Amino acid sequence: MSRAVSLSACVAVVGLSCAPPPDLSEFAGEYAFKDVTTSAFEPDPVIGGWSGMALFDYDNDGDIDVFIANITNRPNHLYENDGSGNFSEVSNAAGVRFTADNSVGAGVGDFDNDGRLDVLIARQLDLGGEEGRQSVRYLKNMGPDEQG
Ligand SMILES: [Ca+2]
Ligand SMILES: [Ca+2]
Ligand SMILES: [Ca+2]
């Protein structure tokens with residue numbers, strides 16, 4: 001899918017403006033950063049309305065992974081770091097790919113002191129229009145602990 005088609009789909013599905021990423025090449029030599037988003041993330045995380053993220057080692061393998069809170073009826077995402085700064089989506093396997101969750105932010109901590117970092121997701125309920133839904137989702141990490 002070309003970037004143009006992908007962005008059109010984003011506007012149609014999400015209802016948000018999805019401006020293309022800025023071309024940072026014009027700053028070459030002036031900045032210490034290089035935009036490697038499309039080569040580092042698989043799949044390219046272009047679709048969605050990211051509203052928050054948490055950086056933590058969800059699988060206790062020593063590298064920092066990325067959790068994305070996604071609003072506007074898009075699923076949350078979890079990207080696993082391969083240790084060299086390349087990320088693969090593991091949302092389904094990790095059980096965090098909730099759709100229509102209206103997630104607006106995420107925080108991380110080992111809330112139960114079991115050696116695994118857990119996640120609290122803040123949710124905006126008025127977008128879903130459903131009664132009785134929690135304004136926070138608490139995800140207890142059941143993966144490997146610090147000993148593996
Ligand atoms: Ca990790
Ligand atoms: Ca890893
Ligand atoms: Ca824990």
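1. Leu139 counts as buried because it has 20 C-beta neighbours inside 10 Å, and 20 is the number from which a residue is called buried. Its contacts, apart from neighbours within four places in sequence, are Val96, Asp118, Val119 and Ile121. The C-alpha atom of Leu139 is separated by 6.2 Å from that of Leu120, a residue 19 places apart from Leu139 along the chain.

2. Which strands make up the sheet that contains S8? The order is S6-S7-S8, in an open sheet of three strands with antiparallel pairing. Strand S6, residues 103-109, and strand S8, residues 136-139, are the edge strands, and each of them pairs on one side only. From one strand to the next the twist averages 20 degrees.

3. Within this sheet, S6 is joined to strand S7, residues 118-123, by six bridges in the antiparallel sense. One position can be checked directly: Gly109 has Asp118 of S7 as its bridge partner. Asp118 is also one of the residues in contact with Leu139.

4. The protein as a whole contains three helices and eight strands. Along the sequence, the elements follow the pattern α-α-β-β-β-β-β-α-β-β-β. Of the 148 residues, 19% are buried. Taking contacts between residues at least 6 apart in sequence, 42% join residues at least 24 apart.

5. The other sheet to look at is open and has five strands, in the order S1-S5-S4-S3-S2, with mixed pairing. Why do S1 and S2 each have a side without a neighbour in the sheet? Strand S1 (41-42) and strand S2 (49-56) stand at the edges and have a single partner strand each, so one side of each is left without a neighbour there.

6. S2 and S3 run antiparallel and are joined by seven bridges.

7. Ile68 stands opposite His77 in S4. The two strands form a hairpin with five residues between them, and in the turn Thr72 has a positive phi of about 60 degrees.

8. Is S3 mostly covered or mostly open? It is mostly covered, with six of its seven residues buried.

9. As background, nonpolar side chains in soluble globular proteins tend to be buried together.

10. Which residues does Leu78 touch, leaving out those up to four places away in sequence? They are Tyr58, Asp65, Phe67, Val90, Ser91, Ala94 and Val96.

11. Not counting residues up to four places away in sequence, Glu146 touches Asn60 and Gly115. The C-alpha atoms of Glu146 and Asn60 are separated by 5.7 Å, although these residues are 86 apart along the chain.

12. A last point concerns confidence. The mean pLDDT of the protein is 78, and 70% of its residues reach 70 or more. Over residues 1-15, pLDDT stays under 50, and the model has 16 contacts beyond four places in sequence for this stretch. Where pLDDT is low, the predicted coordinates should not be read in detail.

Conventions: Residues numbered from 1 in each chain as written. Chains lettered and ligands numbered in written order. Predicted model: local features only at pLDDT ≥ 70, side-chain atom pairs only at ≥ 80, totals over all residues. Pairing = 2+ DSSP bridges. Helix = DSSP H or I, 4+ residues; strand = E, 2+ residues; numbered from the N terminus. Axes fitted to C-alpha atoms, helices over the stretch in contact; angles between N-to-C directions. Buried ≥ 20, exposed ≤ 12 C-beta atoms within 10 Å, placed from the backbone. Contact = placed C-beta atoms within 7 Å. pLDDT = per-residue confidence, 0-100.
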